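Visitor: Please take a close look at the salt bridges here, and at what surrounds them. I would like one connected account.

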Amino acid sequence: MRTRFAIGLLAVITVLSLAVARRHALLRFAIQAGAGLVGGYAVRIGELHVGWDAAGFSHVRVEHGAQPLLDANRIALRYSLRDLLPGSTHRFGLLRIDIDGALLTIVRFRDGSFNFNLPRAAVRPAPQRANPVPLRFALRVRDLQVELREPSAYDASAKHLRVGNVAIEASVDTAAVTQYRARGAFEESRREPFTVGGRIDAVAGYAMHHAQAPRFPVRALANYLADTPAVRILAGEGRNFDGRLYALGVIPNATPSYHVSLRLDVNGARLGLNALAAPIENLSARLEVIDNAFFVRGAHATLAGIRLRIDGGAYDFTGALTGGAKLRLGVSGTGDLSALRQAFTFARGQPISGAARLGVLVHGAIDDPVIVARVVSPKARYRELPFDSLNAGVVYHSNVV
């Protein structure tokens, strides 16, 4: 009996010794296999070093569905094993995260999905008890590159957009104050720097995030975020981007409910709409976004050579139950009817001419709006037939007048 016990004890000691000696290889295998089982991610780690209070990962690559998601030269963690026990002051025992030399690739597919798993939102989420243990750690990111890809984008500008040299410094405390500062640059034909800063104060009960960019890649980002053949940004320069996300009633260890306020000046833009046979050109406007709607006031543009003033916007972008986003724009201008008819497919073959004032209301679903136009002309001509004091109205929808 004693001999059998001694042999068993020796076997246990041998297994434990081998496990400790090869703990890095075993842990690497556990992380890589676990990521595939839990989220369908393929994770490869070049080197892994784990100690009692720190861990280091090098040459980390994460893929999802054969698409790259993250490549990082180095990820370092600091933690406290004591904080994994009851009485913890740091959730998961996490104290600090350092990331150096990473490339984050976000791919959007034609069906609207991405190369990562988005959390599913319940229609009526059940109330959950807040975790009393706060996330409380420091974060430092250096030399982060971000690539936004959309291989099947309708507009070429949205197929590939790169953000470079991103640096982030953050102090996270979900029970008190979280604050951070980030900077980077959009990379088009030239670098376009931006800054982002924020503060979430669970003690005072508010959250504020603020992003600014003197120059902004309006064409590429707009076509990436709202990829649709119904509305395409064909050209344009964005300036003075100012974006704010804010929330009141913030409580510890809970996700705030945010409001959005964005502002952007657009110059020399060219806009293609399915409802128009000619693009809107030379658009100069201040675009504003408030929560679920965007609008313009006093914008100026040309359509088929006619100068226009545009007021209105789009709304209900998340209105799945009401048929999706809606458009409501009021357009007014003056010009010759011979030029204006080039803007509408139904009017191209109509030999009408004469100086006129026009007013147009575009409203309804953004991909199939109703166009109501009113034309007033003191003298007009249809072929050889003259008209005096012409006052006409036209309703156009789904290629039907």
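Guide: A salt bridge here is a side-chain nitrogen of Lys or Arg within 4 Å of a carboxyl oxygen of Asp or Glu. This is a predicted model, in which local features need pLDDT of at least 70 and side-chain atom pairs count only at pLDDT 80 or more, while totals for chains, interfaces and linings use all residues. Residues are numbered from 1 along each chain as its sequence is written, and side-chain values use heavy atoms, with hydrogens and water left out.

By that definition the structure holds 24 salt bridges. One of them pairs Asp-71 with Arg-61, at 2.6 Å from N to O. Asp-71 lies in strand E3 (residues 67–79) and Arg-61 in strand E2 (residues 54–64), so this pair ties together parts that are 10 residues apart in sequence. Strands (E, at least two residues) are DSSP runs, numbered from the N terminus. For accessibility, buried means under 20% relative accessible area, exposed means over 50%, and partly exposed lies in between (1.4 Å probe, protein chains only). Asp-71 is partly exposed at 25%, and Arg-61 is partly exposed at 24%.

A further salt bridge joins the side chains of Glu-237 and Arg-239, with 3.0 Å from N to O. Glu-237 has 26% relative accessibility and counts as partly exposed; Arg-239, at 28%, is partly exposed. Salt bridges also link Arg-74, Arg-96, Asp-98, Asp-100 and Arg-140 in a network. Side chains of opposite charge can pair when their charged atoms come close.

A nonpolar core is a set of buried Ala, Val, Leu, Ile, Met, Phe, Trp, Tyr and Cys residues joined through side-chain atoms within 4.5 Å. The largest one has 77 residues, and Ile-310 and Phe-216 are those with the most contacts inside it. In soluble globular proteins, nonpolar side chains tend to be buried together.

Definitions and conventions
Helix = DSSP H or I, 4+ residues; strand = E, 2+ residues; numbered from the N terminus.
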